[in-house]
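Here is a predicted model.

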Amino acid sequence: MARESHHVFLEEPGGARFAQSMQALQAWLADNAVEPIGVAYVTTPSGSIIVELTFENRDQASLAERTFCNLA
């Protein structure tokens, strides 16, 4: 059976703020016992960094999305 994966994309500023954002993300993942199965980064032409987190289940992806994507 194929393994299903769920993705969350975060856009973060580059530089020192990116490091702070990633420290906060790492702490949140540990505090909530959430472990992504993949993490990828892409730098945009404007200097922002797009972070792609891949989770093996929808519940973890939804929790991360609600926390970090400011959904209403």
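Q: Which residue in strand 3 does Thr 43 stand opposite?
A: Thr 43 stands opposite Ile 49 in strand 3.

Q: What makes strand 2 and strand 3 a pair?
A: Pairing requires at least two bridges. Strand 2 and strand 3 have six, in the antiparallel sense, so they count as paired.

Q: Why are strand 1 and strand 2 called edge strands?
A: The open sheet has three strands in the order 1-3-2, with antiparallel pairing. Strand 1 and strand 2 (38–43) each pair on one side only. From one strand to the next, the twist averages 20°.

Q: What does helix 1 touch when it packs on the sheet?
A: Helix 1 touches strand 1, strand 2 and strand 3, and its direction makes about 15° with that of strand 3. Helix 2 lies across strand 1 and strand 3, at about 20° to strand 1.

Q: Which residues of helix 2 are called buried?
A: The term is used for under 20% relative accessible area; Gln 60, Ala 61 and Ala 64 in helix 2 (residues 58–68) are buried.

Q: What makes Asn 57 a cap of helix 2?
A: A side-chain oxygen of Asn 57 lies 3.1 Å from the backbone nitrogen of Asp 59, at the N-terminal end of helix 2. The cut-off for a polar contact is 3.5 Å, so this pair, at 3.1 Å, is within that distance.

How values were computed: Residues numbered from 1 in each chain as written. Predicted model: local features only at pLDDT ≥ 70, side-chain atom pairs only at ≥ 80, totals over all residues. Heavy atoms only, no water. Buried < 20%, exposed > 50% of the residue type's maximum accessible area, 1.4 Å probe, protein only. Helix = DSSP H or I, 4+ residues; strand = E, 2+ residues; numbered from the N terminus. Polar contact = N/O pair within 3.5 Å; in protein donor to acceptor, adjacent residues only side chain to side chain. Axes fitted to C-alpha atoms, helices over the stretch in contact; angles between N-to-C directions. Contact = heavy atoms within 4.5 Å.
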